[in-house]
Amino acid sequence: MKFGKTVKNTAAAALILLGSSSVTTAGDARDYINIVGSSTVYPFSTVVAEQFGKTSSFKTPKIESTGTGGGFKLFCAGVGVNHPDISNASRRIKKSECEACTENGVNEILEVKIGYDGIVLANSKKAPVLKATRKELFLALAKEIPDPSGGEKLIANPYNTWKQINPALPDTKIEVLGPPPTSGTRDAFVELVMEHGAESFPWIKALKKSDEKKFKSVAHPVREDGAYIEAGENDNLIVQKLEANPNALGIFGFSFLDQNSDKIQGSEIEGKIPTFEAIADGSYSVSRPLYFYVKKAHLDKIPGIREYLEEFSSEKAWGPEGYLSDKGLIPMPDPERKQFQEDVKTVKSLDPGQLK
Amino acid sequence: MNKSSVKTIDIVQKGLKRRYRVERRFRRLGLAAIAASLIFLMLLFVSILGNGYSAIWQTHMRLDVYFDPQVFKDVVVSSADYGRLVKGALRSVFPDVSGRGELRKLSAMVSSGAAFQLREMVMEDRGLIGRQSTLWVPADDDVDMFFKGRLGPESGRLTEDQLSWIDHLKERKMIRKQFNRAFFTAGDSREPELSGIRGALYGSFFTLLITLAISFPLGVGTAVYLQEFAPRNRWTDLIEVNINNLAAVPSIVFGLLGLALFLNVFGVPRSAPLAGGLVLTLMTLPTIVIAGRAALQAVPPSIREAALGVGASRMQTVLHHVLPLALPGMLTGTIIGMARALGESAPLLMIGMVAFIVDIPHGFQDPSTVLPVQIYLWADSPERAFVERTSAATMVLLAFLVIMNGLAVWLRRKFERRW
Amino acid sequence: MITPGIIMIALLLMATTGYYLGVRRSVAAAGGRRLIRNLHSRPTYYGLLTALWCGLPAVTVFSLWQFFDTQVVAHLVISQLPAEIENLEPSHISLLLNDIRNVIARQGSLERIDPALQAAAEHYLHLQRISNTALFVTIMALSMSALVVVRSRINKGLRARNHVEGIVKGLLAVCSTIAVFTTIGIVISVLYESLRFFQAVPVTEFLFGLKWSPQMAIRSDQVGSSGAFGAVPVFAGTLLISGIAMCVSVPIGLMAAIYLSEYAGKTFRAIAKPLMEILAGVPTVVYGFFAALVVAPVIRSLGVTLGLDVASESALAAGLVMGIMIIPFVSSLSDDMINAVPQSLRDGAYSLGATRSETVKHVLLPAALPGIVGGVLLAVSRAIGETMIVVMAAGLTANLTLNPFKTVTTVTVQIVTLLVGDQEFDSPKTLAAFALGLLLFVVTLVLNVIALYVVRRYREQYE
C-alpha cells in the first residue's frame, strides 16, 4: 500500500537519522592538534604539520588560515577542547590581545618565533625592474603627502605616474595591488615602508616624538583614489593579475615571489633586490618576524603537541638547511634559534610585561 | 466587388510573410540563446581541461635504494633518517656531484614523499634493511612541471645543473610519467606531487549525506504542507515570505548563523561535516521547498478533484496522487539544490572547513574539508604545480555535477508529463 | 555492549512489529479478512497508528537522553576524581575529560597514563554502559506499553485514519516552521551586532552616507584613515553588478526556456536542458577564477583597443560571469512555468491561426508571467548574495559609479573582507559587516514581499 510505504520509509529514515545525529553530538574526544592564525605562517606550519603527521603515530594537525587577529580571537576565547591549541601570527601578540587571553583563563602562553618573512613589491617580468626608495613609495601611496612646494602642510596625493615623483622612475601610471587593511601583511608594509618613508621628512619625523597619534595619521593612510587597489588576501590572484597587467605592482610575502620567480620580479627597495640572502642578512630592510603561540594548559591534554613543537623547532625544519627554508622562510640567526629551541624545551611562559 | 477586396483572408495573407519572418527570427533568437550558454559552458570546460588534464600523470624517477643498516643503527625504525637513503641513491646515480649546494640541488629534485615511501616499505618489511631495492618515487613538483612542458627552462625555477641532470636521467630512462595514483588516494598535502582529493571527496560525501538526509524530507514536508494543507492565514503567509526570503539570503550569512548556533550553542565540532551539512541544509532547504511547491502547483486541480470525488481523504489525495505526480519536479529541485550545496564554499569559511587537513575523514565528526574548498585552498597555494591540481580537482567536481545532472535528466525523462 | 545504534535498530524492529500487530488486531476486530469493510479505516492505518505510537515517544526520549547523557556521565566521573580536580575551572575539566576519552580510545600517548586517569576512564566506560542499558530498558518499556495500549484500543469504530493523518499533518506543519526558526536565528545573530554598530555609527550616516571607507583603526594602537561607513556606494556597486548579470541572464535564459519548451524536439531538449543546468552547478570558485583570469583580461584588452579606460577588476567582468552563472536559474524556472501553462491555451491560440512566436508572446508569456517574475527575482537575490565571483573578480574599492568599466565593490565582498582577516571583534569595522548583512537581509525581504504580492495578484488558476 503506497501510503503506508511512504510513511514507513520516511519514519524509518527519520529514526535512523535522529539516531545517528544524536549519537554524533555525544561529545567525542579530540585527538588532533587544532591550529589557527596567520595566512603568512600557514604555508610553513602546514609543511611541518604534514611532516609530523606522516612520520609519527599522531594524527596530522588541523590548520585554519584565519588571519593573525582572527587567530588570536579564537585562541584567546578560552581553554578547552573546543578552542585551538596553537595560534600562528605574522606579528607579535599585542598587549590588548594578551589581556583578553588572561580574562578568558588562557594564562600561560608559550611564544615561539619561527623566522622571518620579507615583504616585497613586485611586477611582471615583461616590465623593467622598479627601483625605488621608501620615500618614493610613501609619496606614491600615501593618502596625503607634504606639499612638494614646501611648508608643513599636507595635500591630497597629486601624483598619477611614477615619473612625476622622480624623473628617474618609469613614465607609467601608479597602480599597486596590495592587501586590505585587515591583513597582517598590510600592517607590516605600513610599518616598514610607509612610516620610514614619512620619516624622511624632518618635520614629520619630529612629529613622531611629539605626537605619535598624529604621526601615524600622517604616515599610515593609503590612498583610496584608485592608485592603490585592495586586491584581497588571495596572493596567487595578485600574481596572475600582475602578469596580465605589466604596469601594475603588487605587494606580498617573499614566499610568493620565490614560488613565482618565472613570472614576476621583485623591485629594488633602497638599492636592494629582495633575495633569500639579502633578507636573511638584513640588508633588505622590509622584513618582519613570524611567530606561533601555544596554550600551556593544553600541552599534555591534547596528544602530540609536544612532539609537534619538537618537530617545528628541529634544525631539519627551521634551520638554514631545513625544509622550511625551501618554502621561503628566512631562518633566524643561530643564537636566536638556539634561544627559542631552549624556550620550547623548557616551555617558557610569555611575560605580558614585554608586550606593547 | 469593392467590399470583397478587403476580405479577412487577404489581410491575413498580406501580413503572413512578415509574421513568418518574425517567427523565424524569434526561433533563431531562442536557438542563439541556447548556443550562447552552451558556448560559455564549453569555454569554461576547455580552459579547465587545458590546465588540468596533465594532472593525470605524475613524473616519477627510478632510484636504486640501498637500505644502509648504518642508518638504522641506534634508532627506532619509524624515526630513521630516510631522507639520507634517498640522497644516497641519488648520489650513486651522479657520483661526480659534490659540494653542499650542488648536493642540495640534487636532492631537491626528488619529492619529500620519497622518504615517506621508504619509511612505509621498511615499516612493512624490516627484512629490507641491508638490501638493495629498485623503486619509482615521485619527482619534485618543479621537475614534474618541467617534464610536462608547463615550465620553460628559462623560468629560473630549475638551475642549469638540474636541467642537465634531468637530461641525463632521460637518457638512462630513469624518469618517466606514470598514472598519478596519489591524486585519487591521498589527502591534502603541501607538496603538489603528494596531494590528492580523497580527503575532500570523503568530506563532501559526508557533508552532502547529512544535507540530503535532512533537507529532502523536511523540504518535501514543508512544500506539501504549505501547498496542500496550510490554511491561508497570517502564519502561513509569514512562513511563505520567510522561505522565499531565505532563498535570497547570501550564503555567507548562513555561515554566520551556523557559527553562532551549531558551533557555539549546540557544541558541534568545528570543521566537521556535521556542522557543514547542517549549514548547507538550512541553505538548500528553501530551494527544495520552492521547487517542490512549484511542482505541486503544476499538478492540475482536476487530479485532486477527481480523487476527492471518489471519496479519498485530502491526505490520501495528496500522498497517493498529487505527490507522486509532483515528485519528479521535486527531485529536479532537490538535485539543483544539492548541486549548489556541493559547490558552495563561502559559508563553510565561517565554520572552519577552510583548513589544512591531511588525514582522510572517516565520519561525520572528523575534521574535513570539501571539494570546492579544496579547490579554493589549492588556488591560493604559491606552488605552481597546484594550478594543474586545482583544475584537475575542478574537473572531478564537474564530473560529479554531470553525473548528478544525468540523474536528473533520467528522472525527468522517465516521469515528465505535460497536462 | 549496547550502543545507541543497537537501540535504534531495536526501536525500528519494535515499530515494525507494532505495525503488523496493529494490522492483525484490526483484521481480527473486524471479524476476519472478508469483513474488513466493517472497519472505520483500512487495516494499514491501524498498523501505522500502532507503529507511530511505538516509535515517536520513544524517539523523543532517546534524543533527550542522548542530549543530557554525556553531561551527566561526565559530571559523575568528575565527582569521583580527587577533590582538587573537582575544583578546577570548567574549561580545564573539559580538557581532562578529553584526556579520559582519549585513554578510552587508546589514542593518547600511552606512556603518560597515570593510574588515576586509567581508573577514571574505566569508570567512565562503566557509567556509559549503565546509561545505555538504562536507556534501552526505558525505551523498550515505553514502546512496549504504547504497543499494548494502542493495540487494546483497536476496535471497529476507532478512527485510525483520522488519527494517523492528524499526526502526519502535524509533522508536516512542524517541518514548515523550520524556515521561521532559521530566519529568527539569522535575525538574532545579525541584529545584536548591528545594534552595537549603530551605537558607534549613526543609522542615517550608514544608510545615506555616500562614502564607504572602512579603513579606520582596527586596533587601539593602530591609526588608519578616518572611517566612513556610508553604505550607498556599496549597494550601488551590488546593484550595478547584479544589473549587468540580469541583462545577460534574463534575455538568454528566457529565450532559451521558450525555445526548449515550445520549439525544441524531444531529443534536443533532453540534451540541452541538463547541459545548461550544469552552468548552475559549476562551483562559484571556478567562476571566480574564470572571471578574473579569462574574462577580465579579455575585456581589458578589448577596452584598450577601443580606447576605453577599463579597470582590471571591472564590474563588467564580474557581472558577465555572474550572468552566465544565473542563466540556468532563469531558464529552468521559466521553462517549468511555461510548461505548466495548459496545452489547451496553446491549442486555442493555434486554432485561431497564431504562429508559434505569437502564441508565446501573447498567450504563454502573459499566462506564465507571475511564475517567471518569481524565477527572475530568485535569480536577482542569487546575484546579490553571490560571494566568491565578486571576491575574486570585483574589487574592494567602493566607487559610486554607473560605469561598468570601473571597479566597484559589493555588499558580500565587504562582509567577507571585514570578517575574515585581522580583526578585533568589537570595533565598528567588524560590526559593520553585520550591519551590511542586516541591511541586505531587509532589502531581500522587501523585494520578496513585493514579488509575492505580484505573484498573488496576477496568478490565474487554470482549468
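A residue counts as buried if 20 or more other C-beta atoms lie within 10 Å of its own, as exposed if 12 or fewer do, and as partly exposed in between, with C-beta atoms placed from the backbone. This is a predicted model, in which local features need pLDDT of at least 70 and side-chain atom pairs count only at pLDDT 80 or more, while totals for chains, interfaces and linings use all residues. Residues are numbered from 1 along each chain as its sequence is written, and chains are lettered from A and ligands numbered from 1 in the order in which they are written.

Figure 1. Leu142(C) sits in α5, residues 115-153 of chain C; helices here are DSSP runs of H or I with at least four residues, strands are runs of E with at least two, and both are numbered from the N terminus. With 20 C-beta neighbours inside 10 Å, Leu142(C) counts as buried. Setting aside neighbours within four places in sequence, its contacts are Pro57(C), Ala58(C) and Val61(C), where contact asks for C-beta atoms, placed from the backbone, within 7 Å. Leu142(C) and Val61(C) are 81 residues apart along the chain, and their C-alpha atoms are separated by 9.1 Å.

**Figure 2. Helices α9 and α11 of chain C crossing.** Two packed helices are described by the angle between their axes and the distance between the axes. In this view, the axes of α9 (residues 266-281) and α11 (residues 315-340) of chain C come within 7 Å and cross at roughly 125°. Axes are lines fitted to C-alpha atoms, for helices over the stretch in contact, and angles run from 0 to 180 degrees between N-to-C directions. That makes α9(C) and α11(C) oblique to each other; under 35 degrees is roughly parallel, over 145 roughly antiparallel, 65 to 115 roughly perpendicular, and the rest oblique. The crossing of α9(C) and α11(C) is left-handed, a label used when the near helix is turned anticlockwise from the far one by less than a right angle, with right-handed for clockwise. On the α9(C) side, the contact uses Met276(C), Glu277(C), Leu279(C) and Ala280(C). From α11(C) come Ile324(C), Met325(C), Ile327(C), Pro328(C), Phe329(C), Ser331(C) and Ser332(C). Sorted by type, the residues of this contact are eight nonpolar, two polar and one charged; Ala, Val, Leu, Ile, Met, Phe, Trp, Tyr, Cys and Pro are nonpolar, Asp, Glu, Lys and Arg charged, and the others, Gly among them, polar.

**Figure 3. Helices α2 and α4 of chain B packed together.** Here α2 (residues 82-93) and α4 (residues 113-124) of chain B pack at an angle of about 110°, with axes 8 Å apart. The pair α2(B) and α4(B) is therefore roughly perpendicular, and its crossing is right-handed. Look for Tyr82(B), Gly83(B), Leu85(B) and Val86(B) from α2(B) meeting Ala114(B), Ala115(B), Leu118(B) and Arg119(B) from α4(B). That contact splits into six nonpolar residues, one polar and one charged.

**Figure 4. Gly221(B) and the contact of chain B with chain C.** Gly221(B) belongs to helix α8 of chain B, residues 198-229, and is buried, with 21 other C-beta atoms within 10 Å. Beyond its neighbours within four places in sequence, Gly221(B) touches Leu171(C), Leu172(C) and Cys175(C). Within chain B, Gly221(B) and Val289(B) are 68 residues apart in sequence and 8.4 Å apart in space, C-alpha to C-alpha. The chain-to-chain contact takes 76 residues from chain B and 71 residues from chain C. On the chain B side, helix α1 (residues 8-52) gives the most, with 17 residues. That side divides into 54 nonpolar, 16 polar and six charged residues.

Figure 5. Most residues other than glycine have a negative phi. With 26 C-beta neighbours inside 10 Å, Ser271(B) counts as buried.

**Figure 6. Residues 217-226 of chain C, where pLDDT stays under 50.** pLDDT is the predictor's confidence in each residue, from 0 to 100. For this stretch the model has 30 contacts beyond four places in sequence. Where pLDDT is low, the predicted coordinates should not be read in detail. Chain C has a mean pLDDT of 80, and 86% of its residues reach 70 or more.

Definitions and conventions. Contact = placed C-beta atoms within 7 Å.
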